[in-house]
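Keep the viewer open and click along as you read.

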Amino acid sequence: MWAEKEWNIPLVSRILFFLLKTHHNQIVANRIMRTILIPLRRHLRAALQRQKGIIGYNLAALHFIKNKNDAERTAQFYEEEGLDEEKVKARIAEGKKRKRVVLA
């Protein structure tokens, strides 16, 4: 019932996985259980696919916000330093070069 109504799908999935592992031999031996499990699998799979899509969308949005924030912070840092565009490009290029460290 919880899987059909999509209530707390991660919890339902974990409980079902535990029950299936625990009672695998009894479930395999009984054909009646198979008819019960097929619709349950269909509902659970559909609900998990929807949640996967939502999580993927939210993750992409978080990456976008992070990149935007990084760009704004970098621009703000260079504005505070009082650097013009040419000095900023030179400083970025300087940061990309490998720096050698002498170990004693």
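The largest pocket has a volume of about 420 Å³. The model is a predicted one, so to speak of local features takes pLDDT of at least 70 and side-chain atom pairs count only at pLDDT 80 or more, while totals for chains, interfaces and linings use all residues. Residues are numbered from 1 along each chain as its sequence is written, and side-chain values use heavy atoms, with hydrogens and water left out.

**The largest pocket**

- A pocket here is found on a 1 Å grid over the protein atoms alone: it is an open set of points where a 1.4 Å probe fits, with protein on both sides within 12 Å along at least five of seven lines, and a lining residue has an atom within 4 Å of a point.
- For the volume, grid points are joined across faces, edges and corners, and what counts is the space filled by probe spheres set on the points.
- There are 15 lining residues, and the closest to the pocket centre are Leu-20, Ile-27, Leu-37, Ile-38 and Arg-41.
- Which helix gives the most to the lining? That's helix 4, with seven residues.
- Helix 2, helix 3 (24-29) and helix 4 each put in at least two lining residues.
- Sorted by class, the lining has nine nonpolar, three polar and three charged residues; Ala, Val, Leu, Ile, Met, Phe, Trp, Tyr, Cys and Pro count as nonpolar, Asp, Glu, Lys and Arg as charged, and the others, Gly among them, as polar.

**A look at Leu-37**

- Leu-37 sits in helix 4.
- Is Leu-37 buried, partly exposed or exposed? Leu-37 counts as partly exposed because its relative accessibility is 24%; the cut-offs are under 20% relative accessible area for buried, over 50% for exposed and partly exposed in between, using a 1.4 Å probe and protein chains only.
- Leaving out neighbours within four places in sequence, Leu-37 is in contact with Leu-20 and Ile-27, where contact means heavy atoms within 4.5 Å.
- Leu-37 and Ile-27 are 10 residues apart along the chain, and their C-alpha atoms are separated by 9.5 Å.

**The chain overall**

- Expect five helices and zero strands, running α-α-α-α-α from the N terminus on.
- Both element types are DSSP runs numbered from the N terminus: helices are H or I with at least four residues, strands are E with at least two.
- Of the 104 residues in the chain, buried ones make up 10%.
- Take the contacts with a separation of 6 or more: residues 24 or more positions apart account for 50% of them.

**The largest nonpolar core**

- Six residues make up this core: Ala-3, Ile-9, Val-12, Leu-16, Leu-44 and Ala-47.
- The elements giving two or more residues to the core are helix 2 (9-22) and helix 4 (31-81), and helix 2 gives the most, with three.
- To count as a nonpolar core, buried Ala, Val, Leu, Ile, Met, Phe, Trp, Tyr and Cys residues have to be joined through side-chain atoms within 4.5 Å.
- As background, nonpolar side chains tend to be buried together in soluble globular proteins.
- Ile-9 touches Trp-2, Ala-3, Leu-44, Ala-47, Leu-48 and Gln-51, not counting residues up to four places away in sequence.

- Ser-13 lies in helix 2 and is buried, with a relative accessible area of 18%.
- Past the residues up to four places away in sequence, Ser-13 touches Leu-44 and Leu-48.
- Asn-8 is in the loop between helix 1 (2-5) and helix 2.
- Asn-8 isn't a glycine, yet it has a positive phi of about 45°.
- With 44% relative accessibility, Asn-8 counts as partly exposed.

**Salt bridges**

- How many salt bridges turn up in the whole structure? The search finds two, each being a side-chain nitrogen of Lys or Arg within 4 Å of a carboxyl oxygen of Asp or Glu.
- Asp-70 pairs with Lys-66, the closest N and O atoms being 3.1 Å apart.
- Asp-70 and Lys-66 are four residues apart in helix 4, so about one helical turn separates them.
- Asp-70 is partly exposed at 28% relative accessibility, and Lys-66 is partly exposed at 48%.
- Arg-73 also meets Asp-70 in a salt bridge, at 3.9 Å from N to O.
- Arg-73 is exposed, with a relative accessible area of 54%.
- Through shared partners, salt bridges join Lys-66, Asp-70 and Arg-73 into one network.
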